[in-house]
Amino acid sequence: ARGTTVLSYAQRHRGIPVDGAVVTFAFDTLGRLRAAHSSAQEVRLTDVEAKISALAAKRAAHGGLHRPSKASPRSLAAGKAELLILPRGGGQLVYAVTLPLTLDPAGRQHLIDAKSGRYLARRRGVLWHRSPHHRGGKR
């Protein structure tokens, strides 16, 4: 609605984001709370130290592809691996890995157990692409 201010906060546990856990508040123009929604999760995880490196998680994600191509160290380094807590069962520390589109054209997110390095799952990712040729100016 017009004049509504919405504030959203992502849940974190010991500094690490909790997957899908958000608290949202909506305020009217007078600052009165009009709506609140929470998908916060109980997390009982005490050890949030990864036992494998982000690079090892990227390698595990690449190995989990249906037909993995040969990956150069440079192409793996271009991937993104971030720690995340899956809230199921009190919490599981994972790496959410997105490989470069040259390695995974579907742009999926791969979940790798941050303790064992085991490949857990893949899910749709957000596809984005920045052209290496565009440097600004008129199109």
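The dialogue below walks through a predicted model, one feature at a time.

Q: How do I read a nonpolar core, and which residues touch the most other members?

A: The general idea is that in soluble globular proteins nonpolar side chains tend to be buried together. Here the largest nonpolar core has 20 residues, and those touching the most other members are I85, Y95, V97, L99 and I112. The elements β2 (16–27), α1 (54–63) and β5 (92–98) each supply at least two residues of this core. A second, separate core has 5 residues, including L84, L86, V94 and A96.

Q: What does V97 touch, leaving aside residues up to four places away in sequence?

A: With those neighbours left out, V97 touches A57, K58, A61, K80, A81, R108, Q109, H110 and I112.

Q: Is S75 buried or exposed, and where is its place in the chain?

A: The value to compare is the relative accessible area, with under 20% as the cut-off for buried. S75 has 16% relative accessibility and therefore counts as buried; its place is in helix α2, residues 73–77. Not counting residues up to four places away in sequence, S75 touches P100 and L103.

Q: In what sense do strands β6 and β7 pair, and which residue stands opposite H110?

A: Pairing is read from the bridges between two strands, and from the sense in which they pair. Strand β6 (residues 109–113) and strand β7 (residues 119–123) pair in the antiparallel sense over 4 bridges, and H110 stands opposite R122 in β7. The hairpin of β6 and β7 has 5 residues between the strands, and in this hairpin G117 takes a positive phi near 85°.

Q: Which residue other than glycine has a positive phi, and where is its place?

A: R14 is such a residue, with phi near 55°, and its place is in the loop between β1 (5–13) and β2. R14 is exposed, because its relative accessible area of 55% lies over the 50% cut-off.

Q: How many salt bridges are there, and which residues are linked in a network?

A: The side chains of D28 and R34 meet at 3.0 Å, N to O; D28, at 16% relative accessibility, counts as buried, whereas R34, at 54%, counts as exposed. D28, R32 and R34 are linked in a network of salt bridges. Another salt bridge joins D47 and K51 at 3.3 Å, N to O, where D47 is partly exposed at 33% relative accessibility and K51 is exposed at 55%.

How values were computed:
Residues numbered from 1 in each chain as written. Predicted model: local features only at pLDDT ≥ 70, side-chain atom pairs only at ≥ 80, totals over all residues. Heavy atoms only, no water. Core = buried A, V, L, I, M, F, W, Y, C linked by side-chain atoms within 4.5 Å. Buried < 20%, exposed > 50% of the residue type's maximum accessible area, 1.4 Å probe, protein only. Contact = heavy atoms within 4.5 Å. Pairing = 2+ DSSP bridges. Salt bridge = Lys/Arg side-chain N within 4 Å of Asp/Glu carboxyl O.
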